[in-house]
Amino acid sequence: RGCAFAPETLVVENDAVIALARATRGTARGGALLVAGTGTIAFAVSHAGTRARTMGFGPAFDDPGSGHWLGTKALALTAKALDRCYRDRWAYGEDGVIEAFDAPAAQRVTRAVLMKLGFAVHDLFESEKLRDARREDLTRWAYEGGPAPAWDRVASLAPILLHESERDDCGMVAGIIRD
């Protein structure tokens, strides 16, 4: 009823299939791709049509390397900096490993994140009162739409980490990117 195509010709596919079809000039065979955008997926199809896929489950499953994953890392770094968890310049990393904490880099990332979200950052690290206010603002931003912020909103913070990692390719933020 009112369809311009026969229902049996409708095919619903993952974005990666569409991207691979474009990369293989419409065949969607004999190629592989890695998409790292808001989410991350690796997808391949052999010349015979056998498919292989990994990731692509979304942020609820960690989704390492995605814009959301990087944005989450930027938010976590911002929270640590606002809480001044860097006073002794050491922090616990993943798997309990102790690593050097680069306070100046954390402060630059924090300022950039808060400015992107529309919050004032003047004298941020000199004023406990302002840090308290920004902690509240950040928490409100994160949970205003429900139990977790929208994927694209978190992913929009990823370029901040990428920009900071360019400043020092051996530093703490570059290490986050390499993870």
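These questions and answers walk through a predicted model of one protein.

Biologist: How many helices and strands are in the protein?
Modeller: From the N terminus on, the elements run α-β-β-β-α-β-β-α-α-α-α-α. The protein has 179 residues, of which 36% are buried. The count of elements is seven helices and five strands.

Biologist: Among contacts between residues at least 6 apart in sequence, what share joins residues at least 24 apart?
Modeller: Contact here means heavy atoms within 4.5 Å. Of the contacts between residues at least 6 apart in sequence, the share that joins residues at least 24 apart is 46%.

Biologist: In what order do the three strands of the open sheet stand?
Modeller: The edge strands are β1 (31-36) and β3 (51-55), and each pairs on one side only. Six bridges join β1 to β2 (residues 40-45). Five bridges pair β2 with β3. The pairing is antiparallel, and the order is β1-β2-β3.

Biologist: Which residue in β2 stands opposite L33?
Modeller: β1 and β2 form a hairpin with three residues between them. In this pair, L34 stands opposite A42. The residue opposite L33 is F43.

Biologist: Which residue takes a positive phi in the hairpin of β2 and β3?
Modeller: The two strands pair in the antiparallel sense, and A44 stands opposite A52 in β3. Five residues lie between the strands. Phi is near 100 degrees at one of the hairpin's residues, G49.

Biologist: How far apart are the end C-alpha atoms of α2?
Modeller: Helix α2 covers residues 67-82, which makes 16 residues. At 1.5 Å a residue, α2 should span 22 Å. The model agrees, so the distance between the end C-alpha atoms is 22 Å.

Biologist: Which residue with a positive phi follows α2?
Modeller: The phi of this residue is near 55 degrees. The residue is R84.

Biologist: How are α2 and α3 oriented to each other?
Modeller: The axes of α2 and α3 come within 9 Å and cross at roughly 110 degrees. The contact is made by A74, L75, L77, T78, A81 and L82 of α2 and A106, V109, T110, V113 and L114 of α3. Angles of 65 to 115 degrees count as roughly perpendicular. Therefore the two helices are roughly perpendicular.

Biologist: What is the handedness of the crossing of α2 and α3?
Modeller: α2 passes α4 in a left-handed crossing. The crossing of α2 and α3 is left-handed.

Biologist: Is V113 buried or exposed?
Modeller: V113 lies in helix α3, residues 103-116. Its relative accessible area is 0%. The cut-off for burial is under 20%, so V113 is buried.

Biologist: Which residues does V113 touch, not counting residues up to four places away in sequence?
Modeller: One of these is L75, 38 residues apart from V113 in sequence. The two C-alpha atoms are 7.5 Å apart in space. The residues that V113 touches are A74, L75, T78, L157 and I160.

Note on methods: Residues are numbered from 1 along each chain as its sequence is written. This is a predicted model: local features need pLDDT of at least 70, side-chain atom pairs count only at pLDDT 80 or more; totals for chains, interfaces and linings use all residues. Side-chain values use heavy atoms; hydrogens and water are left out. Two strands pair if DSSP finds at least two bridges between them. Helices (H or I, at least four residues) and strands (E, at least two) are DSSP runs, numbered from the N terminus. Buried means under 20% relative accessible area, exposed over 50%, partly exposed in between (1.4 Å probe, protein chains only). The expected span of a helix is 1.5 Å times one less than its number of residues. A crossing is left-handed if the near helix is turned anticlockwise from the far one by less than a right angle, and right-handed if clockwise. Axes are lines fitted to C-alpha atoms, for helices over the stretch in contact, and angles run from 0 to 180 degrees between N-to-C directions. Angles under 35 degrees count as roughly parallel, over 145 as roughly antiparallel, 65 to 115 as roughly perpendicular and the rest as oblique.
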